[in-house]
Amino acid sequence: SLTASGAQASCIGGNGCSAFEENAGVFCGLTNIINVGSSNSFIGAGISNNITGSNAAIVGGFTNIINVTTSNVGIFCGQNNTINGLSANSFTAGGNNNDITGNVSGIIAGNNNRITTTTSGAVIVGGDGCIVEDFGTSFGTRSVIAGGITNLIQSINCFVAGGSTNEIELASDNSAIVAGTNNQIGGGAERSSVIGGFTNLI
């Protein structure tokens with residue numbers, strides 16, 4: 001069955017799909033839902049995708065969730081990806097189990113990656129278990145992780161490329177780690193870099 005109860009809402013195809021807000025649309029798929037309070041939102045296809053938030057879109061995929069109090073967010077395929085909370089102007093594209101609660105941020109592919117609350121302008125591309133995070137301030141802002149496994153950034157304007165378990169910790173702004181394993185730039189070591197190697201510490 002299809003349910004479209006908002007003004008100018010529509011469900012065109014599929015089964016078990018619902019659009020409960022004005023100018024919301026579900027094109028096709030199975031059990032895709034746009035909830036009350038989600039005006040101008042869209043689900044293209046997929047299975048069990050769910051939107052709560054205005055001007056939001058899920059293009060396809062499986063069990064992706066948008067649950068925001070802001071607007072202008074999107075999930076472009078993938079599975080079990082989420083955009084939550086105060087996120088605005090953020091997106092995920094592909095991948096699995098990726099999560100964003102930051103603003104103007106993106107996760108492209110990869111698995112189990114996370115961008116947290118007040119972070120803004122952060123990007124994770126690929127990888128597994130990578131995190132750009134804050135502690136209630138703007139740490140992690142404008143930082144990028146490009147691949148790798150369980151890499152972590154907690155500072156501003158930082159970059160980690162590849163490798164595994166590489167960490168740029170608090171107050172280490174404008175720093176970079178390129179490849180390697182278990183390398184660490186500790187708190188307060190601004191404008192630092194590590195290129196490759198194993199268990200290097202600054």
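**Salt bridge**

A salt bridge is a side-chain nitrogen of Lys or Arg within 4 Å of a carboxyl oxygen of Asp or Glu. This is a predicted model, in which local features need pLDDT of at least 70, side-chain atom pairs count only at pLDDT 80 or more, and totals for chains, interfaces and linings use all residues. Residues are numbered from 1 along each chain as its sequence is written, and side-chain values use heavy atoms, with hydrogens and water left out.

By this rule the count is one salt bridge. Arg 191 pairs with Glu 190, and their closest N and O atoms are 3.3 Å apart. Buried means under 20% relative accessible area, exposed over 50%, and partly exposed in between (1.4 Å probe, protein chains only). Arg 191 counts as exposed because its relative accessibility is 63%, while Glu 190, at 36%, counts as partly exposed.

**Nonpolar core**

A nonpolar core is a set of buried Ala, Val, Leu, Ile, Met, Phe, Trp, Tyr and Cys residues joined through side-chain atoms within 4.5 Å. The largest one has 32 residues, and those with the most contacts inside it include Ile 51, Ile 66 and Val 132.

Leaving aside neighbours within four places in sequence, Val 132 is in contact (heavy atoms within 4.5 Å) with residues including Arg 114, Ile 115, Ile 124 and Ile 145.

**Surface patch**

Val 59, Phe 76, Phe 91, Ile 108 and Val 125 form a nonpolar patch on the surface, with about 360 Å² of accessible area together. Patch residues have over 30% relative accessible area and no salt bridge, with nonpolar side chains (Val, Leu, Ile, Met, Phe, Trp, Tyr) joined within 5 Å; accessible areas come from the Shrake-Rupley method with a 1.4 Å probe. Val 59 is partly exposed, with a relative accessible area of 36%.

Methods: Patch = residues over 30% accessible without salt bridge, like charges linked within 9 Å, V, L, I, M, F, W, Y side chains within 5 Å.
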